[in-house]
Amino acid sequence: MIITIIYLIFSFILECFMSNMFSSTFSDISYFTTIYTIIALVIIYPYFYNYKKYYILVLIFGILFDMIYTSTFLLNMIIFLIIAIVIKILNNILSENIIMINLISIVSIILYHILSFVILSLINYGNYDIILLINIITHSLIMTIIYTSVSYFVIKLIFNMFNIKQIK
Amino acid sequence: MLGRKKKMIPKKYVVVMIIILIILILIIFSFMLKGDRKLNPVESFLKDGLVYTEKVVTYPFNYISNKISEYKKLKSVNKDNAVLETSIDRVSSIESENIELRRQLDKLKEELNIDYTLVDYEYLNATVVSRNVGFWYNTITIDKGSYNGVEKDMVVINSKGLIGRIIRTSAFTSDIRLITTSDTNNKISVHISNGDNNLYGLINNYNYSDNLLEVEGISNTKDVTIGDYVYTSGLGGIFPSGILIGTVSEISTDSYDLAKIIKVVPSADFTDINYVSVLKRKSVEE
């Protein structure tokens, strides 16, 4: 459990750090941007036997994302929860290997952006269009694959090192 | 068998309940995002904590990159020095000119009854600590907050021009909404300077595919030429007058062919903002 929490915190801080390294604006989106916390949620899911604990972590990091990064209320928490349910469904359907984990990560990131786009457009937060959504999604793919692949091997290695099969 | 049957809620009621729940959530989101609400103490504490954690984490990386850039600068120091030596002779004449201009400005302000111009502001320099996390909010966070005297709606600039305004502050951090946000609350009154002509308009939209701000409300566009400078007009109360926003790049009409739209290239590079200045009004004693 501690390893997953440390990994989640690391990914969470990485959001802030990487946003400075590869800054993005609507007109110029970097190819090396993604939502690291969501990828971390994808990577840690297979190690959870007790899903209740997993969902508690999802809620906590959703609230933290709301409070610290976007200054919103419940928005990211709900999006993270929906993504966690989708991660569960996809994990039940797909086998656990690096390609499938990458696929789940990509689907999760796409879902995050689509949900953000739909909700923020519905409440008239800004004038977004579908081209911007497609741009953001396509620009997120490279970093999503890189971070998922690296995390998959590192977390697997750490869990093997400590001989942990699943978190009960 | 004797146990009571569970009462099932009819499907149509479930659907109605879900729709009501979604509407309620959207209303909550709408209030929370539109109101530029104040951060509560927990949010403020967590935000400050993260900024300092990030500062500690990034310190070694920043130290190395600073050393590299210092070394690069050192290479061209002789050249720069020669240029500076020639311009240093002009400093005293510029200083005296400055004093005279200041005197004239004070006199004009008194005559025209103008309260604040750019010289009535002090600059609080700040470093950008995070940018646009979550992509959709178009905000950046700086490392100065209410403890440093930053308040909501203060104007933020950098060396090239207008950046945005403060929308939220915690004790040691502040969020800035960039002017490249096309929301309805982000209209900025501008004036276009072309010789003796001063035309007033409103930044109404940001076209992110072309990175252009769109100015509307100017009827006589004949006096506007490509390359004219666009400044804040000072009308509206938030932005003081005279801050450079950008230059005119195109004059077109809207989709109904009714109103003229002036497209402006922002002078600031929004992908490369590391340091900014918050404009604070000077206190009366000063």
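**Group meeting: a predicted two-chain model**

Chain B has four helices and 12 strands. Before I go further, please note that this is a predicted model.

In chain B, the element I would draw your attention to is a closed barrel of six strands. The order of its strands is β1-β2-β5-β4-β3-β12, and their pairing is antiparallel. On average, neighbouring strands of this sheet are turned by 45° against each other, direction ignored.

Strand β3 of chain B covers residues 155–158, and strand β4 of chain B covers residues 161–169. These two strands run antiparallel and are joined by four bridges. Which residue of β4(B) stands opposite B:Ile157? That residue is B:Leu162.

I turn now to a helix of chain B. Helix α1 of chain B comprises residues 11–34, and B:Ile20 is found in it. Is B:Ile20 buried or exposed? B:Ile20 is exposed, because 10 other C-beta atoms lie within 10 Å of its own, and a residue counts as exposed at 12 or fewer. To give a sense of distance within the chain, B:Ile20 and B:Leu279 are separated by 259 residues in sequence and by 44 Å in space, taken from C-alpha to C-alpha.

Two figures describe chain B as a whole. Of its 286 residues, 31% count as buried. Among contacts in chain B with a separation of 6 or more, residues 24 or more positions apart account for 56%.

Chain A has six helices and zero strands. Read from the N terminus on, its elements run α-α-α-α-α-α. The C-alpha trace of chain A spans about 50 × 30 × 30 Å along its principal axes. Its radius of gyration is 16 Å, which agrees with the value near 15 Å that a compact globule of 168 residues would have. Of the 168 residues in chain A, 42% count as buried. For contacts in this chain between residues at least 6 apart in sequence, 68% join residues at least 24 apart.

Let us now consider how the chains meet. The contact takes 34 residues from chain A and 37 residues from chain B. On the side of chain A that touches chain B, the elements giving two or more residues are α1 (2–21), α3 (51–70), α4 (75–93), α5 (98–122) and α6 (130–161) of chain A. Which of these elements gives the most? It is α1(A), with six residues. By residue type, this side of chain A divides into 20 nonpolar, 12 polar and two charged.

I close with one helix pair across the contact. α3(A) packs with helix α2 of chain B, residues 41–75, at an angle of about 75°, and their axes are 9 Å apart. At that angle, α3(A) is roughly perpendicular to α2(B), because angles from 65 to 115 degrees count as such. From α3(A), the residues A:Leu64, A:Met67 and A:Ile68 meet B:Glu43, B:Leu46, B:Lys47 and B:Leu50 in α2(B). The residues of this helix contact divide into five nonpolar, no polar and two charged.

Technical notes. Residues numbered from 1 in each chain as written. Chains lettered and ligands numbered in written order. Predicted model: local features only at pLDDT ≥ 70, side-chain atom pairs only at ≥ 80, totals over all residues. Pairing = 2+ DSSP bridges. Axes fitted to C-alpha atoms, helices over the stretch in contact; angles between N-to-C directions. Contact = placed C-beta atoms within 7 Å. Nonpolar A, V, L, I, M, F, W, Y, C, P; charged D, E, K, R; others polar. Parallel < 35°, antiparallel > 145°, perpendicular 65-115°, else oblique. Buried ≥ 20, exposed ≤ 12 C-beta atoms within 10 Å, placed from the backbone. Rg over C-alpha atoms; globule rule 2.2 N^0.38 Å.
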